[in-house]
Amino acid sequence: MKTQFTNLLYAGLAIIIVLSAVSFRGSAPDAVKYQYRQFTSIESIIPGGAGRSRIIESTTDGQDISKDLINIYSLGGINFKNIASNDALVVSTLNQYSSDGWELYSVSTGVQSPNSNNSQGIYMSRYLFRKPV
């Protein structure tokens with residue numbers, strides 16, 4: 001009889017512990033919600049410097065901002081000073097976003113060569129940022 005009482009007591013305690021653990025469990029944290037922004041750099045790959053290169057940003061209020069980049073090619077071929085200048089402007093834009101509290105979330109790139117002899121095309125990079133709202 002004493003053994004049955006002890007077993008019943010242990011079973012009752014186990015049920016109380018399980019129910020207490022379940023009922024006092026904290027609620028799951030809310031998922032973080034983010035706001036996103038993106039800017040795109042488009043660099044023209046056309047010999048002789050005839051192309052157009054830009055950084056395009058769309059602001060949160062729907063306005064487009066365009067910053068001129070220098071063409072990669074000049075009449076003499078690839079212009080490495082132009083590439084360095086473009087890099088500086090892209091990095092400056094990245095730093096500005098970071099200073100404004102945006103986190104660089106992803107970068108995607110693409111190249112398009114629309115003609116058969118590959119003498120022209122574009123090189124594009126998209127920079128996606130996010131910050132908690």
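At 1.5 Å a residue, the 20 residues of α2 should span 28 Å, and the end C-alpha atoms are 28 Å apart, so the two values agree. The model is predicted.

**Sides of the helix**
- Asn82, Asn86, Val90, Thr93 and Tyr97 are the buried residues of α2.
- These residues lie on the same side of α2, because the arc they cover around the axis is only 70 degrees.
- Phe80, Lys81 and Ser99 are exposed on the other side of α2.
- The cover over the buried residues of α2 includes the strands β1 (34-45), β2 (53-58), β3 (64-69) and β7.

**Ends of the helix**
- The N-terminal end of α2 is capped by Asn79, which has a side-chain oxygen 3.1 Å from the backbone nitrogen of Lys81.

**Nonpolar core**
- Eight residues form the largest nonpolar core: Phe39, Ile55, Leu69, Val90, Tyr97, Trp102, Tyr127 and Phe129.
- At least two residues of this core come from α2 (80-99), and at least two come from β7 (121-132).
- Tyr97 belongs to this core and is also one of the buried residues of α2.
- Apart from neighbours within four places in sequence, Tyr97 is in contact with Arg37, Gln38, Phe39, Glu57, Trp102 and Phe129.

Conventions
Residues numbered from 1 in each chain as written. Predicted model: local features only at pLDDT ≥ 70, side-chain atom pairs only at ≥ 80, totals over all residues. Heavy atoms only, no water. Core = buried A, V, L, I, M, F, W, Y, C linked by side-chain atoms within 4.5 Å. Buried < 20%, exposed > 50% of the residue type's maximum accessible area, 1.4 Å probe, protein only. Helix = DSSP H or I, 4+ residues; strand = E, 2+ residues; numbered from the N terminus. Contact = heavy atoms within 4.5 Å. Expected span 1.5 Å × (residues − 1). Arc of directions from axis to C-beta. Polar contact = N/O pair within 3.5 Å; in protein donor to acceptor, adjacent residues only side chain to side chain.
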